[in-house]
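Work through the exercises below with the sequence and the structure in view. Each task is followed by a solution in steps.

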Amino acid sequence: MDYRRMQSRMGAPKAITATAHQLARIFYRLWTSGDRYTDPGIDAYEQQYRQRTLKNLKKKLKLLA
């Protein structure tokens, strides 16, 4: 979940803390395992967004039908 979505749900101070905690967990996991971070890139994010949008639209159509 990204900062903006958390901010809209719980407010800015809590969203900042939650995002910092999320980044700390990612950093710690990478540091202890010795793995390298690989950025999936914007294309992967866009693909996930399209799939999520399509899934939500299908749900809405089921409710209407």
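**Exercise 1: A salt bridge**

Asp2 and Arg5 form a salt bridge, and their closest N and O atoms are 3.7 Å apart. The model is a predicted one.

Task: Check the pair against the cut-off, give the number of salt bridges, and state how accessible Asp2 and Arg5 are.

Solution. 
- Step 1. A side-chain nitrogen of Lys or Arg has to lie within 4 Å of a carboxyl oxygen of Asp or Glu. The distance between Asp2 and Arg5 is 3.7 Å, so the pair qualifies.
- Step 2. The count by this rule comes to one salt bridge.
- Step 3. Asp2 has a relative accessibility of 29% and therefore counts as partly exposed.
- Step 4. Arg5 is also placed in the partly exposed class, because its relative accessible area is 38%.

**Exercise 2: The chain as a whole**

Task: Which elements make up the protein chain, and how spread out is the chain?

Solution. 
- Step 1. The protein chain has three helices and zero strands. Read from the N terminus, the order of its elements is α-α-α.
- Step 2. For 65 residues the globule rule gives 11 Å, whereas the radius of gyration of the protein chain is 16 Å, well over that value; the chain is therefore more spread out than a compact globule.
- Step 3. Along the principal axes, the C-alpha atoms fill a box of roughly 50 × 30 × 15 Å.
- Step 4. Of the 65 residues, 6% count as buried. The chain exposes about 6,300 Å², with 60% of this area supplied by carbon and sulfur atoms.

**Exercise 3: Confidence**

Task: What is the mean pLDDT of the protein chain, and which elements have the lowest and the highest mean?

Solution. 
- Step 1. The mean pLDDT of the chain is 91, and 98% of the residues reach 70 or more.

**Exercise 4: Residues of helix α2**

Task: Is Thr19 buried or exposed, and which residues beyond its sequence neighbours does Thr19 contact?

Solution. 
- Step 1. Thr19 lies in helix α2.
- Step 2. The relative accessibility of Thr19 is 18%; since buried means under 20%, Thr19 counts as buried.
- Step 3. With neighbours within four places in sequence left aside, Thr19 is in contact with Tyr3 and Met6.

Task: Which residues make the nonpolar surface patch, and how accessible is Phe27?

Solution. 
- Step 1. The patch is made by Phe27, Tyr28 and Trp31, and its area is about 440 Å².
- Step 2. Phe27 is found in helix α2, which covers residues 12–33.
- Step 3. The relative accessibility of Phe27 is 54%; exposed means over 50%, so Phe27 counts as exposed.

**Exercise 5: Distances from helix α2**

Task: How far is Ile26 from Asp39, and how far is Arg25 from Tyr45, in sequence and in space?

Solution. 
- Step 1. Ile26 belongs to helix α2 and is partly exposed because its relative accessibility is 32%.
- Step 2. Between Ile26 and Asp39 there are 13 residues in sequence and 13 Å in space, C-alpha to C-alpha.
- Step 3. Arg25 is also placed in helix α2, and its relative accessible area of 46% makes Arg25 partly exposed.
- Step 4. Arg25 and Tyr45 are 20 residues apart in sequence, and their C-alpha atoms are 21 Å apart in space.

Key: Residues numbered from 1 in each chain as written. Predicted model: local features only at pLDDT ≥ 70, side-chain atom pairs only at ≥ 80, totals over all residues. Heavy atoms only, no water. Patch = residues over 30% accessible without salt bridge, like charges linked within 9 Å, V, L, I, M, F, W, Y side chains within 5 Å. Areas by Shrake-Rupley, 256 points an atom, 1.4 Å probe, with all protein chains shown as cover. Helix = DSSP H or I, 4+ residues; strand = E, 2+ residues; numbered from the N terminus. Buried < 20%, exposed > 50% of the residue type's maximum accessible area, 1.4 Å probe, protein only. Contact = heavy atoms within 4.5 Å. Rg over C-alpha atoms; globule rule 2.2 N^0.38 Å. pLDDT = per-residue confidence, 0-100.
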